[in-house]
Amino acid sequence: MDVTINKRVRDVMPDLKDKELVEKVVDEKPVKSRLGILVLMIVGVLVVIFGSLIIYAMTTTHKTSQSSTGIPSPKVTKNVTTSKYVAGRDYKITYSNQNVIDKAVLDKALEESVPGEGIDYLMDTNKDTGANMAKVEVYYNKDKNLLVERLFENGYQDNKPTQTVGYDLAEHKMNLEKTYPTDYLNQPLVYKWEKLVK
């Protein structure tokens, strides 16, 4: 049986003495193996790149979801709320008598009187929020160190405010005592907010 196999092998195998054929076979093997290694390296690089991109995307999404579900800082809240309504188009703010009270003190007091609410709150027509304002006038009573806010809801008549509230500048809190007309009459108007859109 060994003789038959050897004879078949000799018939199938070409004469190995032919140098040209031997060189050809020797040259082809390294080229094929080099191509295989190159393909594997390319696939490996692509896997690393796509893996990195997926990890980056997952990390970025996780950070974004954390920041949107976390408690925002007042500055972020203010930026978000003021982006919905635009000054000059939806509302108008007028500062007057600026030599009476410092603008920074006034702005801080206004922000503290309605913390984190901003322009969206004033313009919200939903009755559940308690806003729905058409106009807000702020007077400064220097003797009492008090800001008096006259709040006019949409539909007000005869320049009568819907509500009048005070903010104590010394205590940095809302004045819980009732504000009287004497608290703001003949006092300088220092700030006015008006809704322009109907």
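**Aromatic contacts, core and surface of the predicted model**

Lys135 lies over the face of Phe152, with a distance of 4.4 Å from the ring centre, where a charge is taken to sit over a ring if NZ of Lys or CZ of Arg is within 6 Å of the ring centre and within 35 degrees of the ring normal. The model is a predicted one, in which local features need pLDDT of at least 70 and side-chain atom pairs count only at pLDDT 80 or more, whereas totals for chains, interfaces and linings use all residues. Residues are numbered from 1 along each chain as its sequence is written, and side-chain values use heavy atoms, with hydrogens and water left out.

Tyr95 lies in strand S1 (residues 91-95) and Tyr191 in strand S6 (residues 189-195), so the pair ties together parts that are 96 residues apart in sequence; helices (H or I, at least four residues) and strands (E, at least two) are DSSP runs, numbered from the N terminus. Tyr95 is partly exposed at 25% relative accessibility, while Tyr191 is buried at 9%, the terms being defined as buried under 20% relative accessible area, exposed over 50% and partly exposed in between (1.4 Å probe, protein chains only).

Tyr139 and Tyr184 form a tilted pair, with 5.7 Å centre to centre and 35 degrees between the planes. This pair links distant parts of the chain, as Tyr139 is in strand S2 (residues 133-141) and Tyr184 is in the loop between strand S5 (173-175) and S6, 45 residues apart. Tyr139 is buried, with a relative accessibility of 13%, and Tyr184 is likewise buried, at 10%.

A nonpolar core is a set of buried Ala, Val, Leu, Ile, Met, Phe, Trp, Tyr and Cys residues joined through side-chain atoms within 4.5 Å. The largest such core has 21 residues, of which Leu106, Val138, Leu147, Val190 and Trp193 touch the most other members. Two or more residues are given to this core by each of helix H4 (103-113), helix H5 (118-123), S2, strand S3 (146-153), strand S4 (163-168) and S6, and the most come from S2, which gives four.

On the surface, Phe50 in helix H2 (residues 19-69) is exposed, with a relative accessible area of 51%. Gly88, in the loop between helix H3 (74-84) and S1, is also exposed, at 61% relative accessibility, and its C-alpha atom is separated by 7.9 Å from that of Leu196, although the two residues are 108 residues apart along the chain.

Most residues other than glycine have a negative phi. Asp158, in the loop between S3 and S4, has a positive phi near 55 degrees and is exposed at 65% relative accessibility. His172, in the loop between S4 and S5, also has a positive phi near 55 degrees, and is partly exposed with a relative accessible area of 48%.

Methods:
Rings of Phe, Tyr and Trp (its six-membered ring) pair if their centres lie within 6.5 Å; planes under 30 degrees apart count as stacked, over 60 as edge-to-face and the rest as tilted.
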